[in-house]
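Okay, thanks for coming, everyone.

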Amino acid sequence: MLKRFSRRTFARLFGSTALAPAALTNLATSASGQSVPSTAAGRSFPPGFLWGSATASYQVEGAVNEDGRGPSIWDTFSHTPGKTNNGDTGDVADDHYHRYKEDVQLMKDLGLKTYRFSVAWPRVFPQGTGTPNPKGLDFYNRMLDELLAAGIQPYCTLFHWDLPQALEDKGGWQSRDTSEAFAVYAGYVAQHLSDRVKHFMTLNEMRSFVGGYESERHAPGLKLPPAGVNQVRHNAVLAHGLGVQAIRAHAKPGTKVGLAENATSCVPVIETPEHIAAAKKATREANAGYLTAIMEGRYTDAYLARAAADAPKFTDADMKAIGSPIDFVGLNIYTPAYVRADDSPSGFAMVRPPASYPHMMSPWLHVGPEALYWGPKLAAENWNIKEIYITENGASSTDVLTPDGHVYDSDRVMYLRNYLTQLHRAVSEGVPVRGYFCWSLMDNYEWADGYAYRFGIHYVDFKTQKRTPKMSAHFYKEVIARNGLA
C-alpha cells in the first residue's frame, strides 16, 4: 500500500509527470512569507510549540580518535567482525565533529526552534571516570555557541549508548559502579554547559541499550540470563536517578531535567471505554521496569512477580533515587503496541500485528500514527506529567538520490503527516506536549544496521559528505513555518 503512493502518484497531485525542482521549492513557499491558507488555521499548534530535530553522538560525529576521545563499546562492537551490516562503523559517520557549522546551517534553513544532541561520554571522560578531558567539552562548547547564534535552543542528552569501553571492561551496566560513574559525568557536564543548555536528558532509550546485554544485537553484544538482564535494567534506571540528583546539584538554577525513553506506546485496538482502560493499564505494566519505576519510585507487584527469583537486587535508597522528581518526560515514539481488553487478572492483552501489517523500510517500524496520540495521553494520565516532549519520531525509507539531485521520499512525508495529525489531536485536547523532535536531521550510522537504513530528512552521500534536503525536509520546513500541519 505504501509503495503504490509512488513518486509518480505524488507528482500527479502537482499536475506533472515528475515532481520538478520548482515544485519542491513551492513546498516551502509560505515559509518565505506568503500567506498560509485559512484551512490550516484549525490544525495549528499552540504558540511557542517547539519544533526540533535530533541526532546522537556516535551516529553522526565521527572523529573517534581525535582530541583525546576514548573508545566506546560501539567502537569495539562495530569493529568486531560479523556484528554490524557490512562491517560498518561510526569512525567517520557524518563527520559532524568537523562539519557542525554546516549542519547548524541546515537546521537554520529548516527554521528549527530547537536541536537535541548527545554528548559522547568517552570524549569527556576517556576512561569513564577520573580526570576529565577538556578538549572533549571544547567541541560541544563550539557547537552550542553556533546553535545559539542561529537562534536554536539546545536540548542535551547525556547518554545515547556510547558507554566508555573502560567501564565495560569493569562490568559495564552489570555493575552499580557504572551508575555512580554516570552521575559524576552528568554532574560535570551540567556544571559546564548549563549556562547555555536549559534542558538535560539523562539517558536515551534504556530499553534499547539494556538489550545489548540480552540479545547480542547491540553493543556490548552479550546474552545474559534473565537475572543478569534485570540487574542491568535496574542499574540503568538507578543511573538515571543518580544523574538527576547530580544535575540538580551542579547545574545553574532554572535547569530542567528529564529523560528520553522509548516507552511502549499502548494503543486501544478499538477506541471504546473497555479497550481504552485496558491500554492505560498496559501502559503502566509494559513499562514497569523503566518509566513506571522512575515515575512511581517503585517496581509494580506484577513486575516483581513475573521476575520471581530473577528480580533485581535493590535497596530502598535505590528506589528513592530512581524516583527523583523530574521536570519533563521525553518519549521516543515510532510504532504502536495495540491492546485489547481481556478477562485475565491484568485486564489487558497485547495484539500482535499480522504479517500483512504495513511498515516502513525497517521491518520493525510498523506504521501506527495513533501512537503519537495515545502514547503521551496515557503517560500523562498515568503519572500526572505536566511537560512532555516527543524526543524522537521518524521513519526509514528506501531513499534514492535521483539524477535531478532530489530525494522524493513521499512515504516519509506520508508517515510524518499522519503522525503529526495525531499529535495535533493530542495537543488540541490538552495533552501537555510542548515540542517535537524529528528523527533525524540527516542520514547517519544506524547502529548494527550500519548505513543500510536512512532515517534522515537530509540525504547524506557518505563518500562525499554532501547533504541534500529530501522532500520530507521541505515538508517539515512548511510545518514549522505554519506552526501546523502542511
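Let's start at Thr129, which touches Leu167 and Ala181, leaving out residues up to four places away in sequence; contact here means heavy atoms within 4.5 Å. Before I go on, the housekeeping: this is a predicted model, where local features need pLDDT of at least 70 and side-chain atom pairs count only at pLDDT 80 or more, while totals for chains, interfaces and linings use all residues. Residues are numbered from 1 along each chain as its sequence is written, and side-chain values use heavy atoms, with hydrogens and water left out.

Back to Thr129. Ala181 is 52 residues away along the chain, yet the two C-alpha atoms are separated by 6.2 Å. Thr129 sits in the loop between α6 (121–124) and α7 (134–149); helices are DSSP runs of H or I with at least four residues, strands are E runs of at least two, both numbered from the N terminus. Thr129 has a relative accessible area of 34%, so we call it partly exposed, the class between buried (under 20%) and exposed (over 50%), with a 1.4 Å probe and protein chains only.

Now the sheet. Eight strands close into a barrel, in the order β1-β2-β3-β4-β5-β7-β10-β11, with parallel pairing; strands pair if DSSP finds at least two bridges between them. Ignoring direction, neighbouring strands are turned by 25° against each other on average. Axes are lines fitted to C-alpha atoms, for helices over the stretch in contact, and angles run from 0 to 180 degrees between N-to-C directions. α7 packs on this sheet, touching β2 (114–118) and β3 (153–159), and its direction makes about 170° with that of β2. Helix α11 (residues 226–250) lies across β3, β4 (199–204) and β5 (256–261), at about 160° to β4.

Last stop, Glu370, in the loop between β9 (348–350) and α16 (371–383). What is the nearest side chain of opposite charge to this buried residue? Arg425, but at 7.3 Å, and Glu370 has no salt bridge, meaning a side-chain nitrogen of Lys or Arg within 4 Å of a carboxyl oxygen of Asp or Glu. For charge, Lys and Arg count as positive, Asp and Glu as negative, and His and the chain ends are not counted. Setting aside neighbours within four places in sequence, Glu370 is in contact with Val267, Tyr338 and Gln422.

As for α16, this helix packs against α17 (residues 410–428) at about 35°, axes 7 Å apart. Among the residues making that contact are Trp374 of α16, and Gln422 and Arg425 of α17.
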